[in-house]
Amino acid sequence: MIFSEKIEQLAIEAEATLAPQFKHIEAVAFQNTQKVMDAFRNHRVSDGMFQSTSGYGYDDRGREVLDEVWADVMGAEAAIVRHNIISGTQALSIGLFGLLRPGDVMYSVAGKPYDTLEEVIGIAGEPGNGSLKDFGIGYEMTELNSCGGFDFPAIEAKLRELGASCKMVFVQRSKGYLNRKTLSVAEIGELVRFVKNIRPETYVVVDNCYGEFVETEEPCAVGADLIIGSLIKNPGGGMAETGGYLAGTKRTVELASYRMTSIGIGAEAGATMGQNKPMYKGLFYAPHTTAQALKTAHLAAYVFEKLGYTVEPRWNEERHDIIQTVIMGNSEGLCAFCRGIQQGSPVDAFVTPEPWAMPGYSDPVIMAAGAFTQGSSIELSADGPLRPPYTAYFQGGLTYESGRIGILSAAQCVDELKN
Ligand SMILES: *Cc1c(COP(=O)(O)O)cnc(C)c1O
């Protein structure tokens, strides 16, 4: 792929300027790799754990130890990591239905949760499908304040109003498809202390998607009761073929496991069918792969800001997830961005992405993904719903080198459109 002189120069300038940011990212990756390898060593991970099991999958040592390793790495008491959790949405669904009972309220304190949860909660979609709402579970929401932080006075008022019915405070760490800031682990820790001070019994549940390994601690380490994510994002390291995880206290993970399989069976069965090795290997790679994606995101922020776009976060801001947004302003810009990412991908580079009505999303979405694993967004990918201000959400990059190619390709496509 050949880039214009202007784009190539911009990249060289970006990399010189971003040296301190890159150094910080490498330091975090080193610390997280140490944490992962310590957990592997402490739990005596060995070759036999990569064996495949079938049927009930009883006594699958690889599965049991992976759960323990995962819990350690996440700073949790327990975890369930499964290849047959098909996506982040399913993992979240397991967590919500696992903890909430009729008459309870789920209280989202960082604005509206991710689009695909709307039908699960019952604030979108047909009644009768078995949403939380159908089961008599309430939903309340508070937006973040104008500075992008938690609105503590409003949260306190709502917690006191709801009383014991407020079973769960729900936080989405990452911005998802919203034009808002991503929350740091420290901010989530402050929220946990605040909530527990008012209602110690209320679970704090975190949608941890895209946040894993960006910092040196995960939300469980600051008191979150349950964190939930997808293995085709950060923690799968680009190696896991599919899957999801939940990590938290013994009790929340047990309740979630009953919903995942069956009450009484929980996490004690489930054939792994040869998927243990990619999941272990993925966790091993995850801190490094996340760092590659972060460097790619910083490069994108720098390049697109210089091309005159509003980006979030800015190139010199500290990051709490791997998502980079670029406000394209119109649908042509958003589509050009996605075309460029697609052309700069290792797989399906010849394909032209088109907007489509994706199940679970309320606006048409355009997606660029030239990934080895379908839908994997730890791999170079971009997407955005076709609604103003036509924000491109970019993430991933298995290697910085390939991420750089993708970003420069997007920059060139967008720049050609302008000229
Ligand atoms: C990706 C994501 C999810 C889950 O999405 P799936 O496509 O179902 O894996 C949930 N919340 C956030 C913030 C996400 O980024």
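Which elements each supply at least two residues of the lining of the second largest pocket? In this predicted model, they are α3 (61-74), β1 (78-82) and α8 (250-260). The largest share comes from α8, which gives five residues to that lining.

The second largest pocket holds about 390 Å³ of space. Its lining comprises 18 residues. Closest to the centre are Ala78, Ala79, Val253, Ala267 and Glu268. By class, eight lining residues are nonpolar, three are polar and seven are charged.

The largest pocket contains about 1,100 Å³ of space. A total of 43 residues line the largest pocket. Ile232, Met358, Tyr361, Met367 and Gly375 lie nearest its centre. Two or more lining residues come from each of four elements: the helix α4 (88-99) and the strands β10 (365-369), β11 (381-385) and β12 (391-395). The lining of the largest pocket is made up of 20 nonpolar, 17 polar and six charged residues.

The position of the largest pocket follows from the domains that line it. Domain 1 is formed by two segments, 5-32 and 284-418. Domain 2 covers 54-273. Both domains contribute residues to the lining, so the largest pocket lies between them.

Key: Residues numbered from 1 in each chain as written. Predicted model: local features only at pLDDT ≥ 70, side-chain atom pairs only at ≥ 80, totals over all residues. Heavy atoms only, no water. 1 Å grid on protein atoms, 1.4 Å probe; cavity = no way out; pocket = protein on both sides within 12 Å on 5 of 7 lines; lining within 4 Å. Points joined across faces, edges and corners; volume = space filled by probe spheres on them. Nonpolar A, V, L, I, M, F, W, Y, C, P; charged D, E, K, R; others polar. Domains from an automatic or database assignment.
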